[in-house]
Amino acid sequence: MSTATPRHVLVAGAGIGGLTLACALRRAGLSVTVFERSEALRWVGAGLTVQMNATAALRRIGLCDEVAKAGACPTDSAILRPSGSALTRLPVSRLQEELGLPLVCIHRARLQAILLAHAGEENVRLGCTVTAFHDDGKTVTVRLSDGSSVTGDALVGADGLRSVVRGALLGDAPLRYSGYTSWRGVCPEVPSATPGLVSETWGAGARFGVVPIGFGQMYWFATQNAPAGGQDAPGESRARLQSIFGGWHAPIADLIAATDEANIIRTDIHDRPPVGRWSRGRVTLLGDAAHPMTPNLGQGGCQAIEDAVVLGECLAGDSPVEAALAAYEARRRERANAFVTRSWNVGRVAQWENAAGRFMRNTLFQLVPSGLAARQLRDLVRDAS
């Protein structure tokens with residue numbers, strides 16, 4: 001930095017993207033304050049796959065190895081039929097060795113605890129929501145839900161799917177409902193699970209994913225086509241899941257049975273269509289605030305991590321803030337928006353109910369050479385830089 005006083009960056013939201021940005025900024029010697037609406041950082045008990053493109057980004061800010069130690073690195077990945085036979089398989093361990101990067105399956109709370117430690121708890125203000133902001137061309141002042149205000153050199157909206165900062169920048173627009181709802185949970189390992197295997201099973205309008213996350217735990221997720229806004233009656237989520245997936249291959253029924261009812265989370269799946277602008281002046285967006293995507297490629301958190309590392313690099317340079325944010329958007333927008341579209345399209349195909357459509361889908365996936373899938377993964381990592 002050419003200035004005597006480090007830039008002070010304001011960040012709305014202490015999720016994965018916001019905390020990763022705080023880590024990147026602190027590592028670069030910048031000042032950061034993160035505003036989080038929650039009164040305490042009690043993260044929802046769910047898992048996350050930090051794919052190799054995201055671990056490559058974490059390596060640039062010195063966090064890759066620590067994150068890898070806090071999770072589990074799978075040996076294989078597969079898409080399966082409800083019977084358990086494979087549509088596709090990918091030798092993940094061989095690719096990790098080839099690329100020199102881990103693919104890390106981790107409990108979200110463990111990942112965020114690492115990020116918080118490196119971001120500095122003293123830099124995170126809890127119980128504060130950014131409700132408005134004013135960019136005067138020289139600084140940005142945010143107004144907070146507790147009535148106070150804070151001024152900084154830039155504002156980053158990392159406040160999620162229903163971002164207040166995005167609404168002020170781009171205007172309000174309805175979310176796009178995917179047509180399917182989801183459940184997820186974390187439970188102890190079960191003996192019927194295949195060690196080291198990350199899998200997703202595709203049925204008729206329903207899917208089930210299995211992810212070992214280390215430390216004796218497994219993360220799972222499920223989807224089913226459903227109207228928007230539905231909810232399970234209290235105490236009935238596990239029974240409903242067993243009725244949908246109980247006849248599918250092991251370890252699915254065992255995982256559902258091993259999960260406490262109170263730890264099963266149901267949410268409808270939404271995204272937003274891609275937009276051509278994230279920034280204005282000294283204000284920009286990151287992660288789900290900029291490009292919310294369905295979880296079908298497992299790239300939502302990964303793209304937020306990439307955003308954060310690139311934005312940190314841009315703000316750490318000598319360019320004016322407005323130019324730094326424009327450079328960040330130019331480096332990130334096309335790639336992240338492409339994932340939004342690809343993830344939406346994969347979800348539509350994966351949720352097909354029609355028997356003829358599913359037969360065609362399954363046949364096509366079986367015909368994809370494993371070498372092509374491996375090449376796509378290499379390209380994913382290469383393009384992350």
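Visitor: Which residues form one aromatic cluster?
Guide: The aromatic cluster is made of Phe208, Trp220, Phe245 and Trp248. This is a predicted model, in which local features need pLDDT of at least 70 and side-chain atom pairs count only at pLDDT 80 or more, while totals for chains, interfaces and linings use all residues. Residues are numbered from 1 along each chain as its sequence is written, and side-chain values use heavy atoms, with hydrogens and water left out.

Visitor: How many aromatic pairs are there, and why is the pair of Phe245 and Trp248 called edge-to-face?
Guide: Rings of Phe, Tyr and Trp (its six-membered ring) pair if their centres lie within 6.5 Å, and planes under 30 degrees apart count as stacked, over 60 as edge-to-face and the rest as tilted. By this rule there are six aromatic pairs. The ring centres of Phe245 and Trp248 are 4.8 Å apart and their planes stand at 90 degrees, so this pair is edge-to-face.

Visitor: Are Phe245 and Trp248 buried or exposed, and how do you know?
Guide: A residue is buried under 20% relative accessible area, exposed over 50%, and partly exposed in between (1.4 Å probe, protein chains only). Phe245 has a relative accessible area of 0% and is therefore buried, and Trp248, at 15% relative accessibility, counts as buried too.

Visitor: What makes the pair of Trp278 and Tyr328 tilted?
Guide: Their ring centres are 5.9 Å apart and their planes are at 50 degrees, so the pair is tilted. The pair links distant parts of the chain, 50 residues apart, since Trp278 is in the loop between strand E16 (265–271) and strand E17 (283–285), while Tyr328 is in helix H10 (residues 321–350). Helices (H or I, at least four residues) and strands (E, at least two) are DSSP runs, numbered from the N terminus. Both Trp278 and Tyr328 are buried.

Visitor: What makes strand E1 (residues 8–12) largely enclosed?
Guide: Five of the five residues of E1 are buried, so the strand is largely enclosed by the rest of the structure. His8, Leu10 and Ala12 point one way from E1, and Val9 and Val11 point the other way, and all are buried.

Visitor: How do you know that E1 pairs with strand E2 (residues 31–36)?
Guide: Two strands pair if DSSP finds at least two bridges between them, and five bridges join E1 to E2, the two running parallel. Within this pairing, Leu10 has Thr33 in E2 as its bridge partner. From E1 the chain crosses through helix H1 (residues 16–27) to E2, in a β-α-β crossover that is right-handed (clockwise from the first strand over the helix to the second, with the strands pointing away from the viewer). E1 is also joined by four bridges to strand E11 (residues 154–157), again running parallel, and there Val9 stands opposite Ala154.

Visitor: Why does Phe215 count as exposed?
Guide: Phe215 has 58% relative accessibility, and therefore counts as exposed. Phe215 is in the loop between strand E14 (206–214) and strand E15 (217–225), and has a positive phi of about 60 degrees although it is not a glycine.
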